[in-house]
Amino acid sequence: MPFPVTTDAAEFGLATHAVPTSLGRVSVHYRRERLARDRGTAVVLLHGAAGSWSTWTPLLAADRARRASGLPSQLGDVLIPDLPGWGATPRPLGREFTVDALVRVVAEIARALGYERW
C-alpha cells in the first residue's frame, strides 16, 4: 500500500532544529529512538534534487505501520536535513557549494546532534 508525501513532522514524532554549519543554518528533522542494537548511530536520509525532508515521509509512514503491526522499527534514530538550497534551508551565498562541502555539512549536522556514527 503506497503512503502519501506529507509535511507534518509531528505525525512521525520528528523534532525540527536549525543546525549551524559551514554552509549556514540547515533545517533538520530528526527523531531519537536509540535502538539497543545500534545505540548512538543515526540513519541519515538525504533527498535528491528539488527535494526536501518530506521526500522521506512515505518511508516514515511505512516504518510506522511496521511498528504498529508489532514489528521493530527498521530506521531507529533518523536525521533528515533539508540540504542547502532546498526546502527550508537557504542556498549559501559566497561559500563553496560542492558535493564535498555537502558531505561536510551532513557530518557537522550528525555531530551537532550528538552522533559519532551515521
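1. Buried here means a relative accessible area under 20%. By that cut-off, 41% of the 118 residues of the protein chain are buried. The model is predicted, and the points below should be read with that in mind.

2. Overall composition. The protein chain has two helices and four strands, and their order along the sequence is β-β-β-α-β-α. Its radius of gyration is 14 Å, close to the 13 Å that the globule rule gives for 118 residues, so the chain is as compact as a globular protein of that length. The C-alpha trace spans about 50 × 30 × 20 Å along its principal axes. Of the contacts with a separation of 6 or more, 70% are between residues 24 or more positions apart. The exposed surface comes to about 6500 Å², of which carbon and sulfur atoms supply 57%.

3. The sheet. The four strands make an open sheet with mixed pairing, in the order β1-β2-β4-β3. β1 and β3 stand at the edges with a single partner strand each, so one side of each has no neighbour in the sheet.

4. Strand pairing around β4. β2 and β4 are antiparallel and share four bridges; in this pair, V28 has P81 of β4 as its bridge partner. β3 and β4 run parallel and are joined by two bridges. On that side, V44 has L79 as its bridge partner in β4, while V43 stands opposite V78 of the strand.

5. The largest nonpolar core. This core has 13 residues, and those with the most contacts inside it are V28, L79, I109, L113 and Y115. The most comes from α2, with four residues. Apart from this core lies another, of ten residues, including A9, L14, W53 and A61. In soluble globular proteins, nonpolar side chains tend to be buried together.

6. L113 in particular. Leaving aside neighbours within four places in sequence, L113 is in contact with H17, V19, V28, Y30, R32 and L79. Two of these residues, V28 and L79, are named with L113 among the residues with the most contacts inside the largest core.

7. Helix α2. An α-helix has 3.6 residues a turn, so residues three or four places apart point the same way. Just after α2, G114 takes a positive phi of about 90°.

8. L102. This residue also lies in helix α2, but L102 is partly exposed, with a relative accessible area of 22%. The cut-off matters in this case, because buried means under 20% and exposed means over 50%. Beyond its neighbours within four places in sequence, L102 is in contact with L23, P84 and F97. L102 and R25 are 77 residues apart in sequence, and their C-alpha atoms are 13 Å apart in space.

9. T57 and helix α1. T57 is found in helix α1, which covers residues 57-68. Is T57 buried or exposed? Its relative accessibility is 0%, so T57 counts as buried. With neighbours within four places in sequence left aside, the residues in contact with T57 are P4, V5, T6 and F12.

Conventions: Residues numbered from 1 in each chain as written. Predicted model: local features only at pLDDT ≥ 70, side-chain atom pairs only at ≥ 80, totals over all residues. Heavy atoms only, no water. Core = buried A, V, L, I, M, F, W, Y, C linked by side-chain atoms within 4.5 Å. Buried < 20%, exposed > 50% of the residue type's maximum accessible area, 1.4 Å probe, protein only. Contact = heavy atoms within 4.5 Å. Rg over C-alpha atoms; globule rule 2.2 N^0.38 Å. Areas by Shrake-Rupley, 256 points an atom, 1.4 Å probe, with all protein chains shown as cover. Pairing = 2+ DSSP bridges.
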